[in-house]
Amino acid sequence: MVVPWTTLLDALRDHLDLTGTKKGCDHGQCGACTVLVEGRRINSCLTLAVMQDGAKVTTFEGLAGNDALHPLQQAFIDHDAFQCGYCTSGQICSAAGLIAEGKATTADEIRELMSGSICRCGAYPNIVAAIQQATRQS
Amino acid sequence: MINFQYARASDVADAISRAATDPAAKFIAGGTNLIDLMKYDVERPPCLIDISRLPLRTVEETSSGGLLIGALVPNSDLAYHPQIEQRYPLLASAILAGASPQLRNMASTGGNLLQRTRCPYLYDTVTPCNKRQPGSGCSAINGVNRINAILGTSDACIATHPSDMCVALAALEAKVHAAGPAGVRVIAFADFHRLPGDTPERNTNLQPQEIVTGVELPPKGFNTNCSYLKIRDRASYAFALVSVAAALELEGDTIKDARLALGGVAHKPWRDPAAEAALRGERAERPAFARVADLLLRDAKGYAHNEFKIGLARRAIVRTLSQAARGTPQLQSVKKIR
């Protein structure tokens, strides 16, 4: 039972103990809280859990199968696409949404369409390379 | 966030009647702006009426040959809709210039129109703001006003409307469909948003308990010669300092019809029919574009930190009209401006 003022982000982290989804700014400006709702990437900090009643929510924990890493997880490791790692689960969920949308083929397009996920360590070049690798594999 | 009641509307009539029962209640759709304002304690609604499941998610042909966009169509779906991409590329481009993919997946068409200014003093609840607390004063006029308006300001407010989508909708002369206790009505886009005057707390001419049900596009989409150029402090994911929507109808080199709207400079998307009229019959070249920029900006007034916007807007107008005339619109994924 969640109260109406519980965001989807807080419901995931505090009620379901799914702490892979991170709280960064809590105002839709950083992308750390990105999850997939019905396959579409959204900021989970700016929607109420009660508004998503009945929706299929995929968090970072649910991206991979039981035994293998998701291709994006492997690509982020291959390309060292993080430093502190705090933004990484949001980056990877956002990239999964990006690949599903199919609108980014060039590095410029990946940069523009990943702009909703901020990396304060500045791992952007490696993030773009990792997403390019995973895009080729998809 | 404060505690609040939550109710889900079953249809448009139910939404309107619930709002009439509780005038302080707010409608919520995408939530990207309202929930943010609630976290900052700027909005404190006792009740949210969830309209996000109402059947307003289609894009349909109108009898006049235009399109009617349901108020709940997400911004991303609209930008990538084949009819919008082909017939109204100015609108598609403007939408993709705004926010982030995550936010565009959430934000609704109607909510984009109704989003609030990002003037920092609206959000800073310990400072005066005539929007937040009418009569308390405007902190921006003598404060940090880099992002604020240069056209149509008043002594009470110098906030801007932050939308990109609305700048294109203004240029395309869209119409807003609304439903309320008194029935349904259609509002010309130019009459939807307001200038601040002495009532900056009123953002639009929508009446209490009225709900936006759709946005209608006229048949003419200017799809051959148009461009949306957005200038901001970051390359992506920032609000406009200045943005320009330009659309031309050409006969050879001569301008037959022109539309020009500015974002980031006023309390509403800024259009000037006199400036657009001055383009008709002119050759679609730089001298005419420079004259029209001067005409459009003739009453512009800068404040301590945003005087630069006047020159920036002048150059952006000339550049965007040049892009439209060449048929080489600014692509939002390309950061070089040619």
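## A first look at chains A and B

Let's start with chain A, where 3 strands make an open sheet in the order β2-β1-β3, with antiparallel pairing (strands pair if DSSP finds at least two bridges between them). At the edges sit β2 and β3 (57-58) of chain A, each pairing on one side only. Keep in mind that this is a predicted model, in which local features need pLDDT of at least 70 and side-chain atom pairs count only at pLDDT 80 or more, while totals for chains, interfaces and linings use all residues. Residues are numbered from 1 along each chain as its sequence is written, chains are lettered from A in the order in which they are written, and side-chain values use heavy atoms, leaving out hydrogens and water.

**Strands and hairpins**

- Helices (H or I, at least four residues) and strands (E, at least two) are DSSP runs, numbered from the N terminus.
- In chain A, strand β1 (residues 34-37) pairs with β2(A) in the antiparallel sense over 4 bridges.
- Within that pairing, A:V35 has A:I42 as its bridge partner, and A:V37 stands opposite A:R40.
- β1(A) and β2(A) form a hairpin with 2 residues between them, and A:E38 in the turn has a positive phi of about 50°.
- Over in chain B, strand β6 (residues 175-180) and strand β7 (residues 183-188) pair in the antiparallel sense over 6 bridges.
- A hairpin joins β6(B) to β7(B) through 2 residues, and B:K175 stands opposite B:A188 in β7(B).

**Where the chains meet**

- The contact (heavy atoms within 4.5 Å) takes in 32 residues from chain A and 39 residues from chain B.
- Between them the two chains bury about 2,900 Å², with 54% of it on carbon and sulfur atoms; buried area is the accessible area (1.4 Å probe) that two parts lose on being put together, summed over both.
- On the chain A side, A:W5, A:L46 and A:M51 lose the most area to chain B, together 24% of what that side buries.
- There are 17 residue pairs in polar contact between chain A and chain B, both residues at pLDDT 80 or more. Such a contact is a pair of N or O atoms within 3.5 Å; within protein, one must be able to donate a hydrogen and the other to accept it, and residues adjacent in sequence count only if both atoms are side-chain atoms.
- β2 (40-43), α3 (88-101) and α4 (107-113) of chain A each supply at least two residues of the side that touches chain B.

**Salt bridges**

- A salt bridge here is a side-chain nitrogen of Lys or Arg within 4 Å of a carboxyl oxygen of Asp or Glu.
- The whole structure has 28 salt bridges over all chains, and 3 salt bridges are found across the interface of chain A and chain B.
- B:K39 forms a salt bridge with A:D26, their closest N and O atoms being 2.8 Å apart.
- B:K335 forms a salt bridge with A:E112, the closest N and O atoms being 2.7 Å apart. B:K335 lies in the segment after α12 (308-326) of chain B and A:E112 in helix α4 of chain A, so this pair joins two chains.

**Confidence**

- The model scores ipTM 0.98 and pTM 0.98.
- Chain B has a mean pLDDT of 98, and 100% of its residues reach 70 or more; pLDDT is the predictor's confidence in each residue, from 0 to 100.
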